[in-house]
Amino acid sequence: MTPFHLHNKTVLITGASSGIGKQTAIDIAGMGARVVLTARNKERLTETFQDLPEGDHQMIVADILIPEDRERLIAQLPQLDGVVNSAGVVNPFPIRFISQEKIDETLNINYEAPLLLMAGITKNKKLNKNASVVFMSSISGQHPHKGGVMYSSSKAAIESLSKVFALEHYHLGIRSNCISPAMVKTEMYDEAEKGMSKESMDKHIEQYPLGVGTPQDVSHAIIFLLSDASKWITGINLRLDGGYLLEAK
Ligand SMILES: NC(=O)c1ccc[n+]([C@@H]2O[C@H](COP(=O)([O-])OP(=O)(O)OC[C@H]3O[C@@H](n4cnc5c(N)ncnc54)[C@H](OP(=O)(O)O)[C@@H]3O)[C@@H](O)[C@H]2O)c1
């Protein structure tokens, strides 16, 4: 039988109310998984929940930055075969405008929250043997851009976190990998667009031989990393960029 499916797997997805997390939840469920959705916005999370194919799915509204919410989320989780850490923010600012508050706004959700969530999940033994964990990095983790000091640094940190997670859990057959997309059409993209002139956005988009990404371009790669088809893959960072970095930047 093909290993390219997610039947009999239960997968938690953070950031499931929007963009990549939302599409991933829908597509993972479509591949046979039981999904557990989480995000803060109840209305938008409910929309994702209603778009899921039929199944024994669960949705838990929580702000994973708040310790009590995180603990409640972990307590309500079933045993998991996969986790997709998709929640994140961009917050672009040149270095001269950085403050402690701005650092916390980005680093707390992009780095500390997934680390503390995975710490709680493993401490409470909610990850099954042979589970697969996916962290969302970005090409910015390895290819920083002006104004992206907090975002790029948080993504570089996530890449290290994913590798350490892989090292600390391979004895249980548990795998951990990162996905690093370039520009994907989501609300985050719309936010990035606001901070640039149309001219510079158009110039940026022209550099994608295969065009900018869609949430489904990312969810398909996540499905592969969650499935047993990737059971020999751990500690990698999979770049998805439509050829953007083919030529030296
Ligand atoms: N879009 C791109 O071009 C792109 C490229 C490379 C990497 N990525 C990465 O991919 C991931 C998803 O990006 P996206 O484009 O799908 O973003 P998005 O559409 O803006 O969605 C972000 C998600 O994060 C959730 N979130 C934010 N703060 C949270 C908190 N404190 N607690 C719980 N959930 C929280 C939001 O839900 P609520 O507001 O409901 O809480 C939302 O569901 C991010 O890690 C991003 O860095 C995106």
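Tutor: Gladly, and we start with a definition: axes are lines fitted to C-alpha atoms, for helices over the stretch in contact, and angles run from 0 to 180 degrees between N-to-C directions. Helices (H or I, at least four residues) and strands (E, at least two) are DSSP runs, numbered from the N terminus. Residues are numbered from 1 along each chain as its sequence is written. This is a predicted model, where local features need pLDDT of at least 70 and side-chain atom pairs count only at pLDDT 80 or more, while totals for chains, interfaces and linings use all residues.

Student: Why are H4 and H5 called roughly parallel to each other?

Tutor: H4 packs with helix H5 (residues 149-169) at an angle of about 10 degrees, and their axes are 9 Å apart. Angles under 35 degrees count as roughly parallel, over 145 as roughly antiparallel, 65 to 115 as roughly perpendicular and the rest as oblique. The angle of about 10 degrees is under 35 degrees, and therefore H4 and H5 are roughly parallel.

Student: Which residues of H4 and H5 make the contact?

Tutor: Two residues are in contact if their C-beta atoms, placed from the backbone, lie within 7 Å. On the H4 side the residues include Lys102, Ile103, Leu107 and Tyr111, and on the H5 side Met150, Tyr151, Ile158 and Phe165 are among them. By class, the contact has twelve nonpolar, three polar and one charged residues. Here Ala, Val, Leu, Ile, Met, Phe, Trp, Tyr, Cys and Pro count as nonpolar, Asp, Glu, Lys and Arg as charged, and the others, Gly among them, as polar.

Student: Let's turn to single residues. Why does Lys125 count as exposed?

Tutor: A residue is buried if 20 or more other C-beta atoms lie within 10 Å of its own, exposed if 12 or fewer, and partly exposed in between, with C-beta atoms placed from the backbone. Lys125 has 8 such neighbours, so exposed is the label. Lys125 sits in the loop between helix H4 (100-123) and strand S5 (127-136). Its phi is near 55 degrees, a positive value in a residue other than glycine.

Student: What makes a positive phi worth a remark?

Tutor: Most residues other than glycine have a negative phi. Asn130 also has a positive phi, of about 65 degrees, and lies in strand S5. With 14 other C-beta atoms within 10 Å, Asn130 is partly exposed.

Student: How do you know whether Glu68 is buried or exposed?

Tutor: Glu68, in helix H3, has 9 other C-beta atoms within 10 Å, so Glu68 is exposed.

Student: What label does Arg44 get, and why?

Tutor: Arg44 has 14 C-beta neighbours inside 10 Å, so Arg44 counts as partly exposed. Arg44 is in helix H2 (residues 42-50). Leaving aside neighbours within four places in sequence, Arg44 is in contact with Ser17, Ser18 and Ala39. Arg44 and Ser17 are 27 residues apart in sequence, and their C-alpha atoms are 5.1 Å apart.

Student: Which residues come nearest to the ligand?

Tutor: Gly15, Gly19, Arg40, Asn41 and Gly88 come nearest, out of 28 residues around the ligand. A residue is near a molecule if its C-beta atom, placed from the backbone, lies within 6 Å of it. The shell divides into 13 nonpolar, eleven polar and four charged residues.
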